[in-house]
Amino acid sequence: MDHSSDRLSSLANKTLFITGASRGIGKAIALRAARDGANIVIAAKTAEPHPKLPGTIFSAAEEMEAAGGKALPLVVDVRHEDEVQGAVAKAVDTFGGIDILINNASAISLTGTLVTPMKRYDLMHQVNVRGTFLCSQMCLPHLLKAENPHVLNLAPPLNMKAKWFRNHVAYTMAKYGMSMCVLGMAEEFRGKVAFNALWPHTAIATAAIDMIGGEPMMKKSRIPEIMADAAHAVLVRAHTECTGNFFIDEDVLRSEGVTDFTGYAVDPTQEPFIDFFLDG
């Protein structure tokens with residue numbers, strides 16, 4: 001498919017509803033859209049600075065405005081239906097509609113069956129699966145009226161090999177729940193709203209990776225901007241032609257003509273760590 005005409009497209013004046021956009025990949029995607037002059041709804045929990053994690057919805061909003069976008073920071077816990085409903089209504093009141101939903105909010109615990117507290121199991125399923133389903137359901141009435149509507153879930157391809165379940169079955173089930181939303185909703189809304197998944201080829205230098213593997217793993221990671229550039233490339237494509245895909249960031253950028261990824265490396269001397277759910 002020729003995307004050459006799409007490369008000229010921008011997200012100017014589009015309204016993006018992004019969960020978990022106060023830091024990490026969500027924030028990088030938001031900043032990339034803000035540079036085009038997009039409206040960003042920052043739907044995240046962090047209103048007060050976290051002792052271990054950088055940034056709040058308000059500091060993120062300032063960065064997005066500085067980048068050239070408009071920002072609406074809203075305190076949203078995607079586990080709570082009323083909060084999501086209120087945020088969607090506020091977004092539509094403020095910007096007149098919603099063009100794009102990014103289901104980025106996610107909880108992770110790479111723990112085995114005997115050491116996963118049910119509270120943690122519930123958190124992953126409430127945020128990852130239920131939160132994604134809920135945000136999609138609430139945004140859809142507005143997306144259906146948009147010109148080129150997209151939903152992008154930060155979720156892996158459905159790789160049903162036992163090794164991806166063995167060590168952290170609860171987390172895998174929760175992430176695959178997000179992937180199954182793509183599979184089902186892409187078909188349900190085919191021709192009306194695009195539903196795609198995006199997943200990194202390598203580990204991405206975020207607070208989550210720092211928590212899992214510390215500095216050694218961070219050095220083998222790429223910066224979140226690679227995911228932001230890949231997301232941007234997907235979101236400017238025609239919703240009627242680009243749906244039901246499980247995109248990998250590197251493959252998307254290769255299809256846009258990018259061949260050198262060293263600029264995205266945290267440490268270009270290190271071999272990047274291949275991300276979960278991908279075979280080599």
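## Basis of the description

The model is predicted, and local features need pLDDT of at least 70, side-chain atom pairs count only at pLDDT 80 or more, while totals for chains, interfaces and linings use all residues. Residues are numbered from 1 along each chain as its sequence is written, and side-chain values use heavy atoms, with hydrogens and water left out.

## The sheet

Seven strands form an open sheet with parallel pairing in the order E3-E2-E1-E4-E5-E6-E7, where strands (E, at least two residues) and helices (H or I, at least four) are DSSP runs numbered from the N terminus, and two strands pair if DSSP finds at least two bridges between them. The edges are formed by strand E3 (70-75) and strand E7 (246-248), each of which pairs on one side only. Neighbouring strands of this sheet are turned by 20 degrees against each other on average, direction ignored; axes here are lines fitted to C-alpha atoms, for helices over the stretch in contact, and angles run from 0 to 180 degrees between N-to-C directions.

Strand E2 (residues 39-44) pairs with E3 in the parallel sense over six bridges, and valine 41 has leucine 72 as its bridge partner in E3. Strand E1 (residues 15-19) pairs with E4 in the parallel sense over three bridges, with isoleucine 100 in E4 as the bridge partner of leucine 16. On to strand E5 (residues 150-153), E4 is joined by four bridges, and these two strands also run parallel; asparagine 103 stands opposite asparagine 153 in E5.

Helix H6 (residues 169-188) lies across E4, E5, strand E6 (194-199) and E7, and runs at about 150 degrees to E6.

## Helices H1 and H8

The axes of helix H1 (residues 24-35) and helix H8 (residues 225-235) come within 8 Å and cross at roughly 50 degrees. H1 and H8 are therefore oblique to each other, since angles under 35 degrees count as roughly parallel, over 145 as roughly antiparallel, 65 to 115 as roughly perpendicular and the rest as oblique. The contact is made by Ile25, Ala28, Ile29 and Arg32 of H1 together with Glu225, Met227, Ala228, Asp229, Ala231 and His232 of H8. These residues divide into six nonpolar, one polar and three charged, with Ala, Val, Leu, Ile, Met, Phe, Trp, Tyr, Cys and Pro counted as nonpolar, Asp, Glu, Lys and Arg as charged, and the others, Gly among them, as polar.

H8 is mostly covered, nine of its 11 residues being buried. Among the buried residues are Met227, Ala228, Ala231 and His232, which also belong to the contact with H1.

Arginine 120 is placed in helix H4 (residues 118-143) and is partly exposed, with a relative accessible area of 32%. Leaving aside residues up to four places away in sequence, arginine 120 touches Ile108 and Ser109. Arginine 120 and alanine 170 are 50 residues apart in sequence, and their C-alpha atoms are 9.0 Å apart in space.

Histidine 125 also lies in helix H4, and with a relative accessibility of 18% it counts as buried. Beyond residues up to four places away in sequence, histidine 125 touches Arg130, Ala170, Met173 and Ala174.

## Positive phi outside glycine

Asparagine 13, found in the segment before E1, has a phi near 65 degrees, a positive value in a residue other than glycine, and is exposed, with a relative accessible area of 60%. Phenylalanine 277, in the segment after helix H9 (249-255), has a positive phi of about 75 degrees although it is not a glycine, but counts as buried at 1% relative accessibility.

Definitions and conventions. Buried means under 20% relative accessible area, exposed over 50%, partly exposed in between (1.4 Å probe, protein chains only). Contact means heavy atoms within 4.5 Å.
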